[in-house]
Amino acid sequence: MKIIVILFLIAIFGSLASALIYLVRNKGNSDGTIKALTIRIGLSVTLFVLLMAGSYFGIISPSGL
């Protein structure tokens, strides 16, 4: 599960960097920035749902317990 979370975080930061590159190169006049940020939001929501499902089904547990 840790590897999946790390891969998702890398993909999220990669998408954020891609949006920044599109924004700087095209001065915000491109759909690339919007698409990259949309992908980032989708990945973030998916990661959140996976973490909640993992907690619910007992795959992951809170670190303090």
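Gly58 is exposed, with a relative accessible area of 53% (exposed means over 50%, buried under 20% and partly exposed in between, using a 1.4 Å probe and protein chains only). You'll find Gly58 in the segment after helix α2. This is a predicted model, where local features need pLDDT of at least 70 and side-chain atom pairs count only at pLDDT 80 or more, while totals for chains, interfaces and linings use all residues. Residues are numbered from 1 along each chain as its sequence is written, and side-chain values use heavy atoms, with hydrogens and water left out.

**Around Gly58**
- Gly58 sits 56 residues from Lys2 in sequence, and their C-alpha atoms are 14 Å apart in space.

**Helix α1**
- Helices here are DSSP runs of H or I with at least four residues, and they are numbered from the N terminus.
- Helix α1 covers residues 2–26, and its 25 residues should span 36 Å at 1.5 Å a residue; the end C-alpha atoms are 36 Å apart, so the two agree (the expected span is 1.5 Å times one less than the number of residues).
- Which residues of α1 are buried? They are Val5, Phe8, Ile12, Ser15 and Ala19.
- Part of the cover over those buried residues comes from α2, which runs 31–56.

**Helix α2**
- The 26 residues of α2 should span 38 Å at 1.5 Å a residue, and the end C-alpha atoms are 37 Å apart, which agrees.
- Buried residues in α2 are Gly32, Thr33, Ala36, Leu47 and Gly54.
- The buried residues of α2 pack against α1.

**How the two helices meet**
- α1 and α2 pack at an angle of about 165 degrees, with their axes 8 Å apart (axes are lines fitted to C-alpha atoms, for helices over the stretch in contact, and angles run from 0 to 180 degrees between N-to-C directions).
- That angle makes α1 roughly antiparallel to α2, a label for angles over 145 degrees.
- Residues making the contact include Val5, Phe8 and Leu9 of α1, along with Gly32, Thr33 and Ala36 of α2 (contact means heavy atoms within 4.5 Å).
- Sorted by class, the contact of α1 with α2 has 16 nonpolar, six polar and one charged residues. Ala, Val, Leu, Ile, Met, Phe, Trp, Tyr, Cys and Pro count as nonpolar, Asp, Glu, Lys and Arg as charged, and the others, Gly among them, as polar.

**Two threonines to look up**
- Thr33 belongs to helix α2. Is Thr33 buried or exposed? Thr33 counts as buried because its relative accessibility is 12%.
- If you leave aside neighbours within four places in sequence, Thr33 is in contact with Ala19, Tyr22 and Leu23.
- Thr46 is in helix α2 too, and at 37% relative accessibility Thr46 counts as partly exposed.
- Thr46 and Ile60 are 14 residues apart in sequence, and C-alpha to C-alpha they are 16 Å apart in space.

Technical notes:
Angles under 35 degrees count as roughly parallel, over 145 as roughly antiparallel, 65 to 115 as roughly perpendicular and the rest as oblique.
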